[in-house]
Amino acid sequence: MEVAPPLFSPAAEDFSSLLRRQGLYPAAPQIHGGPQANLPHTEATTILAFKFEDGVLVAGDRRATAGNVVVYDRADKVLEIDRHSLMAIAGVPATAWEMARVLEHSFQFYRRSQLQEMSLDGKVRALSKLLRDNFGFVMQGVGIVVPIFATYDAAGDSARLYFYDAMGAQFEAADYAATGSGSPSVRSVLYYENTWGKKALRKMTQSEAVITALRALDTAAEADTATGGVDRRGKSYPIIKIVSKSGITTLPEKTLAAIYKTKIK
Amino acid sequence: MIEEPYRWVEAIGNRREYIEHQLAAGSPIACLAYKDGILLFTLSRERQKIFEIYDRIAMGAIGHPGDIERLRMAAIEVASTEGFTRSAQDVSLRRLANYSLSPALKTAFEQVYGAPYLARMIFAELGRGDDANLFVRLDYDGSIHTNGGMLYRGFENFGVISGTQHSTSQMEKFLKGQDFADSDLKHALSVALDAWIVGHLTAGSDTQDELPAPDKIASHRREQLASAVIEAAVLERSSNLPITYRALAGDDLASLQKAKN
């Protein structure tokens with residue numbers, strides 16, 4: 001073990017640079033010339049998130065595909081990063097899960113070493129930095145990730161929702177965000193509901209929000225082969241997680257099954 | 001010359017004496033296992049002494065703040081990289097203390113041209129499931145004292161550090177006579193405070209083998225609570241998150257604060 005030299009700057013060592021120093025984190029390949037392959041324009045999945053009365057709801061289908069082949073129907077694309085933050089992913093799972101892992105450890109490492117919680121802006125920026133570091137891989141035609149980040153801001157007492165592009169630009173969403181190949185239809189559904197529906201998304205109760213999310217996912221699965229629907233026999237339902245002031249809750253399968261039976265089909 | 005063996009021994013001896021002298025005034029830290037987990041407890045005046053290291057590991061330290069900080073960072077780095085590259089389940093206090101920290105401390109202590117670490121640490125690890133809790137005392141020279149688990153010796157359900165050897169053993173003696181394994185946090189806090197008082201009272205003298213009398217503990221307790229600040233944290237079994245560390249604040253400490261008046 002090597003004891004680190006004295007640190008005078010709190011920014012001197014974040015977790016990913018610690019990993020890099022120890023040779024535990026792959027450096028992104030250098031970009032020479034133009035793109036090495038045709039860049040993928042779609043990320044095969046559907047993720048959506050919107051703000052409602054109690055916080056933010058994040059939902060994702062469970063299908064993982066490779067080209068035309070369905071590889072897995074229980075993929076978990078909505079990942080818990082800490083007590084109040086969720087990252088939902090569209091893109092290459094290997095990169096995305098690794099990113100989520102780095103992010104989770106970064107926040108904890110920061111809290112433990114600096115003896116304070118990382119600020120909301122710091123967390124949002126941390127994901128942005130990981131995406132930028134990954135861009136070399138994206139240009140090679142592998143490893144594209146387009147995430148959504150949902151969190152509850154304790155200081156401002158409000159839910160916050162961000163979406164990113166593959167280069168790491170972050171955008172704060174006012175009401176809703178969607179990513180993945182099924183996102184165009186989901187975005188249409190959410191826009192319609194929010195503007196002309198019975199209730200604006202923000203005013204919805206939790207059960208109304210859940211029904212809206214499941215219907216939107218069902219709409220996406222109708223036209224997009226890469227988005228999984230519901231498999232009642234296999235008991236595979238979409239994943240819905242809610243970030244609120246009290247933390248993160250995952251909707252149990254039973255609840256989802258009941259809602260499907262009565263409200264969806 | 002220092003290259004001669006007996007000079008080296010002498011240099012080490014001087015160094016030990018110097019460090020012990022520096023540590024002697026350190027505020028004791030008591031860690032004990034109660035019904036819901038592990039409590040780490042001290043009274044402090046200026047700076048934080050109890051820290052989270054990883055999901056189930058916490059640390060308390062006395063010594064020079066600069067040295068404590070370097071060792072704390074090293075422990076967090078080792079635990080975090082292990083937890084990241086393998087898994088959180090693979091992070092263990094036994095390995096952290098034996099393979100990482102102890103050799104580094106010993107090397108620094110015995111290289112007489114360099115500076116040693118002025119620190120004495122107590123680590124606590126919350127056992128998984130039915131596994132026993134582990135308490136490890138790690139000294140500036142790399143020596144390790146654990147709470148047992150060897151042949152013919154059960155696990156003690158506490159671990160302490162103090163400024164002097166005598167005060168440490170008096171605290172241990174006191175805790176051996178107390179019953180807190182199945183108690184709630186409130187009782188555990190009270191026992192931990194008394195253990196701290198015993199450590200504090202016995203830090204000055206090496207001679208007295210008797211534990212301080214209960215009424216002396218009680219009066220000293222009132223005096224100390226009036227001027228010092230309680231610092232305490234728990235590793236909680238009931239946590240539904242992987243992270244079990246929680247610093248105690250206001251509500252949790254109210255029972256001790258009431259005793260103040």
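Chain B has seven helices and 10 strands. Its radius of gyration is 18 Å, close to the 18 Å that the globule rule gives for 261 residues, so chain B is as compact as a globular protein of that length. The C-alpha trace of chain B spans about 60 × 50 × 40 Å along its principal axes. Of the 261 residues in this chain, 42% count as buried. Contacts in chain B between residues at least 6 apart in sequence were also examined; 65% of them join residues at least 24 apart.

The model is predicted. For chain B the mean pLDDT is 90, and 95% of the residues reach 70 or more. For the complex, the predictor gives an ipTM of 0.90 and a pTM of 0.89. Where pLDDT is low, the predicted coordinates should not be read in detail.

The contact between the chains takes 18 residues from chain B and 16 residues from chain A. On the side of chain B that touches chain A, three elements of chain B each supply at least two residues: β3 (50–54), α2 (65–85) and α3 (93–110). The largest share comes from α2(B), with 12 residues. By class, this side of chain B has eight nonpolar, seven polar and three charged residues.

Within chain A, helix α2 (residues 93–114) and helix α3 (residues 120–133) pack against each other. Their axes come within 10 Å and cross at roughly 140°. The crossing of α2(A) and α3(A) is right-handed. From α2(A), the residues in contact are A:M99, A:V102, A:L103, A:S106 and A:F107. They meet A:K123, A:A126, A:L127 and A:L130 of α3(A). The residues of this contact divide into seven nonpolar, one polar and one charged.

The loop between α2 and α3 of chain A holds A:L115. This residue has a positive phi of about 60°, although it is not a glycine. A:L115 counts as exposed because it has 12 C-beta neighbours inside 10 Å, and the cut-off for exposed is 12 or fewer.

A positive phi also occurs at A:D157, where the value is about 55° although the residue is not a glycine. A:D157 lies in the loop between β7 (145–153) and β8 (158–164) of chain A. With 8 other C-beta atoms within 10 Å, A:D157 is exposed.

Notes:
Residues numbered from 1 in each chain as written. Chains lettered and ligands numbered in written order. Predicted model: local features only at pLDDT ≥ 70, side-chain atom pairs only at ≥ 80, totals over all residues. Helix = DSSP H or I, 4+ residues; strand = E, 2+ residues; numbered from the N terminus. Rg over C-alpha atoms; globule rule 2.2 N^0.38 Å. Buried ≥ 20, exposed ≤ 12 C-beta atoms within 10 Å, placed from the backbone. Contact = placed C-beta atoms within 7 Å. pLDDT = per-residue confidence, 0-100. Axes fitted to C-alpha atoms, helices over the stretch in contact; angles between N-to-C directions. Left-handed = near helix turned anticlockwise from the far one by under 90°. Nonpolar A, V, L, I, M, F, W, Y, C, P; charged D, E, K, R; others polar.
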